[in-house]
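Take a walk through this protein chain with the model open beside you.

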Amino acid sequence: MPSLEFSMAALSWDTSLSIPQPNTTTVTTTVNTAVNDTVVVSDDDERSPSLVNWTPSNSNALYKVDGWGAPYFSINSSGHVTVRPHGAETMNHQEIDLLKVVKKATDSKSIGGLDLQLPLIIRFPDVLKNRLECLQSAFNYAVKSQNYTSHYQGVYPVKCNQDRFLVEDIVKFGSAFRFGLEAGSKPELLLAMSCLCKGSSESLLICNGFKDVEYISLALVARKLLLNTVIVLEQEEELDVVIDVSLKLGVRPVIGVRAKLRTKHSGHFGSTSGEKGKFGLTTTQIIRVVKKLYECGMLDCFQLLHFHIGSQIPSTGLLADGVSEAAQIYCELVRLGACMKFIDIGGGLGIDYDGSKSANSDVSVGYGLEEYAMAVVQAVKFVCDRNSVNHPVICSESGRALVSHHSVLIFEAVSASKYTVPAMSSFDIQRFVEQLPEDAHLDYNNLSESAIRGDYEACLAYADQLKQRCVEKFKDGSLDIEQLAATDGLCDLVAKEIGVSDSVSTYHVNMSVFTSIPDFWGIEQVFPILPIHRLDERPTKRGILSDLTCDSDGKIDKFIGGESSLPLHELEGENGTKYYLGMFLGGAYQEALGGLHNLFGGPSVVRVSQSDGPFGFAVTRAVPGPSCSDVLRSMQHEPEIMFQTLKHRIEEFVHDEGDMGGAMIAGGIAQSFHNMPYLTVGSSCGLTAANGNNGYYYCSDEDFAGGSDAVAGEDEPWSYVCA
């Protein structure tokens, strides 16, 4: 048997055909100029001046920050992501350094921190306020420039994010604009009723969604409480309930209908549009509603027309088409005698998740706020003028565009793994060949001859054939695990030398995709993700992100720009400090949709406002994430009883360590119930598996005493100290 001259020189790569170089990843984008620059991330090209002299501008281009982040996110000269809380009007000294916020949140209280655990959601109410003002300004400009005789007043659909403080902020910030709320369920209606008590009396309360008697009763009570409530019919049958309950309560309702338009959004988010959409009434049903209201003497109650083309409307052309169709229905309702006042264009105002400004993508849009508002106003005005109908109040339900930018999810990469191809000497290969089964020799010989010829494609094919044959031999017991491992090593070495081996690392991150980024798992929605610091350093690796869950879907392997990996830094950089990543534009839907897979609860939350103080920001609210006890209770477990059961077990079986040993174990378990489910990186508190301690879990006297003070209290007694 001829020996394989491998090492990979041993497999004779010294032929006249040069070895192909590993692939590099090229990203073309704009770096603060109108000229497209090319940014290359490659492990092998360390001599390139453009890479050696890496600057934050290079990172800005690589991660397309200006494309998806302007005017709210940028990178400062220190290589940290900053938040511009007032958008384009933010002055340089008002920028907020995200890394400083994270340090404030996670540092211990003894050094002035808040002692919160990651993952962390950072909310910026100043950004929310700016988004609302920009939306209102865009419509105000369109109304004025087009000589539109009515006005715009929007509503926020609370389903996008029902956080109490966010909704209260929207009502407060929007009060001067008569900005209202939209509800789609009974708890959302109760929420909206309560919040709008502090808003403008003209703010709309739009009641969407499927309705029963209780829902409609609540909506009519809201009208009795002088809230500007509109009940929007999603089904024709709801009209009978509205008429019946309104008569019983003695409340004159304001009624709207949701129309099923022929205009259809063809993208992923357009499934609720068109004649076959989930919601709304057909033109035939709308005519029957008009007739019934007329017969009941309530046609004057019919005042609003609602429609929804779908989320993330990609172009103003599609938008104008749908608005024009709806405006014509509105005019027809006026002709039929309805006392029409409002046209509610629904949601659909999209945001640019990937910075491409594309009108042919589910994750981008080809317009800005100003173009959107102008398209709506022009379409409504044109149709109404053509029909000699007074211009209606324009209402929109723009949730995603309003709240997506206002929060950032921060999480930590705790480790990284990448398979290292083992080195093989000529002696190793000779020994490997001698141990091969007889029928595998032919595959090996073909592989060797292909290497000598420099036929790389054939090399890969024969290597794969050799591997598959050896796997079958292993399965039937004729090949041991050491021989199988040697086969894998040889085949991986072939792939590496040819330049087709996988150079992507897996970065393990301390969060749950299912809890914090459910839209990625559910509909493969991509969000901008990048390190929030070290952006003045060249990222030398590419990686995918793997979460903490015991689920193969718990990973992020699709990124903006169609990338299947993300440029990242070595974790041991910056003297071993922590490596923080941020997920941006996730302020809509992610918190409401997040689940409890593996019982990982929600992140910690802080609210941060711009301040003129020495740090440039102030944390106005901080809330730790749900503890293990909290998530267990959500699944009907009783943590106090669980702890007592474990305590009795300790008392029964822990004898060899003495009473204090049992008390320390109980104390550690009690602390675990009160901690968040996520990893506590670098901590030795609670139950800690320590190297050099024979694998036992331990808690020091100091930790135990501190834990006792921390978890025992009047509200929630945890008695674990042995008397």
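Cys-550 is exposed, because its relative accessible area is 72%. Here buried means under 20% relative accessible area, exposed means over 50%, and partly exposed lies in between, with a 1.4 Å probe and protein chains only. Cys-550 is found in the loop between strand 18 (541–546) and strand 19 (555–556). Helices (H or I, at least four residues) and strands (E, at least two) are DSSP runs, numbered from the N terminus. UniProt places the feature "active site" at Cys-550, in an unreviewed entry. UniProt positions follow the numbering used here, feature names are shortened, and annotations may be inferred rather than shown by experiment.

This is a predicted model, in which local features need pLDDT of at least 70, side-chain atom pairs count only at pLDDT 80 or more, and totals for chains, interfaces and linings use all residues. Residues are numbered from 1 along each chain as its sequence is written, and side-chain values use heavy atoms, with hydrogens and water left out.

Now step back to the whole chain. The chain has 25 helices and 25 strands. Of its 723 residues, 53% are buried. Take the contacts between residues at least 6 apart in sequence: 73% of them join residues at least 24 apart. Contact means heavy atoms within 4.5 Å.

Eight strands form it, in the order 7-8-9-10-11-12-13-14, and the pairing is parallel. Strand 7 (155–157) and strand 14 (393–395) stand at the edges, each with a single partner strand, so one side of each has no neighbour in the sheet. The twist averages 25° from one strand to the next. Two strands pair if DSSP finds at least two bridges between them. Strands of a sheet pair through backbone hydrogen bonds, either parallel or antiparallel. For an example, look at strand 12 (residues 302–306) and strand 13 (residues 342–344): three bridges join them, and they run parallel. Leu-305 stands opposite Ile-343 in strand 13.

What packs on the sheet? Helix 9 (residues 238–249) does, touching strand 10 (228–233) and strand 11 (255–258). The direction of helix 9 makes about 145° with that of strand 10. Axes are lines fitted to C-alpha atoms, for helices over the stretch in contact, and angles run from 0 to 180 degrees between N-to-C directions.

The loop between helix 9 and strand 11 holds Val-254. Is Val-254 buried or exposed? Val-254 is buried, because its relative accessible area is 6%. Leaving out residues up to four places away in sequence, Val-254 touches Arg-223, Thr-229, Val-230, Ile-231, Cys-301 and Gln-303. Val-254 and Arg-223 are 31 residues apart in sequence, and their C-alpha atoms are 8.6 Å apart in space.

Helix 9 also has a helix partner. Helix 9 and helix 10 (residues 283–295) pack at an angle of about 20°, with their axes 11 Å apart. The two helices are therefore roughly parallel to each other. Angles under 35 degrees count as roughly parallel, over 145 as roughly antiparallel, 65 to 115 as roughly perpendicular and the rest as oblique. Leu-239, Asp-240 and Ile-243 in helix 9 meet Val-289, Lys-292 and Leu-293 in helix 10.

Compare another pair. The axes of helix 16 (residues 456–475) and helix 17 (residues 481–498) come within 10 Å and cross at roughly 165°. That makes helix 16 roughly antiparallel to helix 17.

Finish at strand 21 (residues 579–583). Five of its five residues are buried, so strand 21 is largely enclosed by the rest of the structure. Both faces are covered: Tyr-579, Leu-581 and Met-583 are buried on one side, and Tyr-580 and Gly-582 on the other. Which strands does strand 21 join? Five bridges join strand 15 (residues 407–417) to strand 21, and the two run antiparallel. Ala-413 has Tyr-579 as its bridge partner in strand 21. Three bridges join strand 17 (residues 529–531) to strand 21, again antiparallel. There, the bridge partner of Leu-530 is Gly-582.
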